[in-house]
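Hi everyone, thanks for coming.

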Amino acid sequence: METFSKRHFEKLAKIINRGTGRAVQGFHDVIGESQPYWLDKVLIDAKSLQLDAENYGVIEQEFTGRLNAKVLLLFTAENVQRILQKVLGDEMDAQGLNDVESEAMCELGNIMVNACLSAIADDLHILLESTVTHYQQYSNDGVVALIMQDSHAEHVLVTQVNLMISGVSLHGCKLLMLMNTDSNQEIMEKIELLAT
């Protein structure tokens, strides 16, 4: 059985680059501002994940069909509050923001993650099905534990994305794709056939 090699990773990273561009456009559509972004992709194991903030808002969505993977979208807790303030307005107090946090972040995550995965599906010419988006806050150790206990997490592709709101950079945003070689042999073959 073929393993996920550096060659596969480099080709998949190019596809995810286009997908992340669509995700950023989805963020722009919700936030209403032009969003410069940068990408820094690396293939790691979960123990090597570097998380600088103490707490994160994590959006989870699982994809099945021709590609079996889980996508996690991570925002620092501080940036979650900035996003909610921008989307919902300055007049809402902290309690009001907390009351709608899960719904608002699920909606934003759904737009961004599905935009990314639709680009991947287009490039690989496959159909994907997805679960309902789930949002929860975790400590940085909790994020690592969440990944390590997941059956998809044989390979973790990390894309760091720098977004901005009102001139303030939202440092620490990460898009993680968790993949297991055993359940994605056909996709690996498709990736292998792609032009470099």
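Let me start with a question: is Glu78 buried or exposed? At 51% relative accessibility, Glu78 counts as exposed, where exposed means over 50% relative accessible area, buried under 20%, and partly exposed in between, with a 1.4 Å probe and protein chains only.

A quick word on the background. This is a predicted model, where local features need pLDDT of at least 70 and side-chain atom pairs count only at pLDDT 80 or more, while totals for chains, interfaces and linings use all residues. Residues are numbered from 1 along each chain as its sequence is written, and side-chain values use heavy atoms, leaving out hydrogens and water.

Searching the whole structure turns up four salt bridges, each being a side-chain nitrogen of Lys or Arg within 4 Å of a carboxyl oxygen of Asp or Glu.

Back to Glu78: its side chain meets that of Arg82 at 3.0 Å, N to O. The two sit four residues apart in helix α2 (residues 77-88), so about one helical turn separates them. Helices here are DSSP runs of H or I, at least four residues, and strands are runs of E, at least two, numbered from the N terminus. Arg82 is partly exposed, at 31%.

Now for Asp150 and Lys70, which form a salt bridge at 2.7 Å, N to O. Asp150 lies in the loop between α4 (140-148) and β6 (155-165), and Lys70 in strand β3 (residues 69-76), 80 residues apart. Both of these residues, Asp150 and Lys70, are buried.
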